Amino acid sequence: MLTSTISSTISRTAPPPVAHGHVRRRRLGPGRPIPYGRAVGPLLLVTIWAVASATGVLDPRMLSAPWTIVGTTGDLIASGDLQTHILASLQRAALGFLIGGTVGTVLAIVAGISRIGEALIDGPIQIKRAIPTIGLIPLLILWLGIGETFKVVIIALAAAIYMYVQVFAGLTGIDHRYVELAEVQNYTRWEFLRHVVFPGALPGFFVGLRLSVTFSWLILITVEQINALSGVGYMMSQAQLYAQTDVIVVGLLVYGVFGFASDTLLRLLERRVLSWRRTLTS
Amino acid sequence: MAPHADQLTSAVEIRGLSRRFGEHVVLDALDLSITDGEFVALLGRSGSGKSTMLRALAGLDYDVTGDGELRIPDRVSVVFQDSRLLPWRRVLDNVILGNRAADGRTRGIEALAEVGLSGRERAWPNQLSGGEQQRVALARSLVGEPQLLLADEPFGALDALTRLKMHELLRDLCRRHRPAVLLVTHDVDEAIKLADRIVVLDAGRIALDVRPTQPDIRDVLLRALGVTA
């Protein structure tokens, strides 16, 4: 009885329509997510593409029909060409990324934990950072020729820089409060590095990993289209000569799949290693 | 100075401690001693130098100019205003941080039990509430059996109810472990409730050195802090 009196008093001043025990409010958020909503946009694009190809609106010399691309992919796999090219590309990207990532991490650690290291290393790297890696291609071709070494080195250079920048920022950006804590807990320098600095820099390390992988692919595409006798980029530039848009699209799909797969893999790894962070977002 | 400081051994001896930030004198030739097991609350307005003094005792003021004599025990622990737990180490690993004793883990588990957090050893710090995190920080500071516990407004960031519970806990822990305590606070009631002795700092000097059992202690302290009720 009492509650109903109160609610009727309120409703006289500002009428809240109450239904099923819920106060109705205009919902201003974007609402519930659509199931598989992320797939809607791409599917629509493919549909438009297919319709345009089927009706002849889209000239196959500009862009092949989706089913042509599926067929071409099948042919390229059956002949073994696609696998060969993918393997060549993967080898370059992986080798460049591994070497570059390792060098970048080691340099960042040396520069990040000692002032002498910082004085020696950080300057040159910052200068290199200002020069786009692709701009170094002419010089590197003169030095190393146009063989595999050149391709791996240029990918490694790009990967090293991205890795360095992120790891160095992670190492030097340790919260000062944790430094104080380590001091009052009488940590040795090694304990401080091991328990405070390195774990604290891990998020930066993973950002560096993901950026390095992305840029390894990017540089790979560039160098394979400049000068190569194998690889997905080579396959695409050959297709360009013969105006095979279907093969070019297959190459783009391969790059896309590998770029997406490597990033997803790293993200899963990051979630596992940095599991202490999950509690922040959940 | 405390009247009985000469009879008992003192944990902390401060003589003529001065600290300056540029031209600004923060601590002005300060003398203070704390006897073994004595709980001293350090009150003062913002900028009175209380945090500077605690940091001087903790050895965290290497970039600050100043002089004076300091004598502190070997085993000193610090509790900060924030719990300062490493988010990437589990609760127990945070408690035994820097503890090199062979039975460190066992002691860590005992310390967690003492602050009422048994069973949370494997939790990540971010999974705990603010009050629980500060309890872990207390466990960490006590696990090394300190002779001196320095606490810089350790409950300042907690809500009023949690703070009351933490007062009880800190009092119990100090009764059991008997470290000398220097608690920096701006909370007059906290000082009265917890301390054996209350020191009020004003402009880098000791303005008042009293016992909380003194009559009208609250008014006396508030007056010394420049608050007229």
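Predicted model: local features only at pLDDT ≥ 70, side-chain atom pairs only at ≥ 80, totals over all residues.
Residues are numbered from 1 along each chain as its sequence is written, chains are lettered from A and ligands numbered from 1 in the order in which they are written, and side-chain values use heavy atoms, with hydrogens and water left out.

Chain B contains an open sheet of three strands in the order 2-1-4, with antiparallel pairing. Strands (E, at least two residues) and helices (H or I, at least four) are DSSP runs, numbered from the N terminus, and two strands pair if DSSP finds at least two bridges between them. Strand 2 and strand 4 of chain B are the edge strands, each with a single partner, so one side of each has no neighbour in the sheet. Direction ignored, neighbouring strands of this sheet are turned by 20° against each other on average. Helix 1 of chain B packs on this sheet, touching strands 1, 2 and 4, and its direction makes about 120° with that of strand 1 of chain B. Such angles run from 0 to 180 degrees between N-to-C directions, the axes being lines fitted to C-alpha atoms, for helices over the stretch in contact.

Within this sheet, strand 1 (residues 10-21) and strand 2 (residues 24-35) of chain B are joined by eight bridges in the antiparallel sense, with B:Val12 opposite B:Ile34. The two strands form a hairpin with two residues between them, and B:Gly22 in the turn has a positive phi of about 65°. Strand 1 also pairs with strand 4 of chain B, antiparallel over three bridges; here B:Ile14 stands opposite B:Leu70.

A salt bridge (a side-chain nitrogen of Lys or Arg within 4 Å of a carboxyl oxygen of Asp or Glu) links B:Asp61 with B:Arg19, the closest N and O atoms being 2.6 Å apart. B:Asp61 lies in the loop between helix 1 and strand 4 of chain B and B:Arg19 in strand 1, so the pair ties together parts 42 residues apart in sequence.

A further open sheet of chain B has six strands in the order 5-6-7-3-8-9, with mixed pairing. Strand 5 and strand 9 (205-210) of chain B stand at its edges with a single partner strand each, so one side of each is left without a neighbour in the sheet. Strand 6 (residues 148-152) and strand 7 (residues 180-185) of chain B pair in the parallel sense over five bridges, and B:Leu148 stands opposite B:Ala180. Helix 1 of chain B lies across strands 3, 5, 6, 7 and 8, at about 145° to strand 7 of chain B. Helix 4 (residues 130-142) of chain B lies across strands 5 and 6, at about 170° to strand 5 of chain B.

The contact with chain A, meaning heavy atoms within 4.5 Å, takes 21 residues from chain B and 20 residues from chain A. The two chains bury about 2,000 Å² between them, 57% of it on carbon and sulfur atoms; buried area is the accessible area (1.4 Å probe) lost on putting two parts together, summed over both. B:Arg84, B:Trp88 and B:Arg100 supply 32% of the area that chain B buries against chain A, more than any other three residues. Three salt bridges are counted between the chains, and the side chains of A:Glu180 and B:Arg84 meet in a salt bridge at 2.7 Å, N to O. Helix 1 (50-58) and strand 5 (76-79) of chain B each supply at least two residues of the side that touches chain A.
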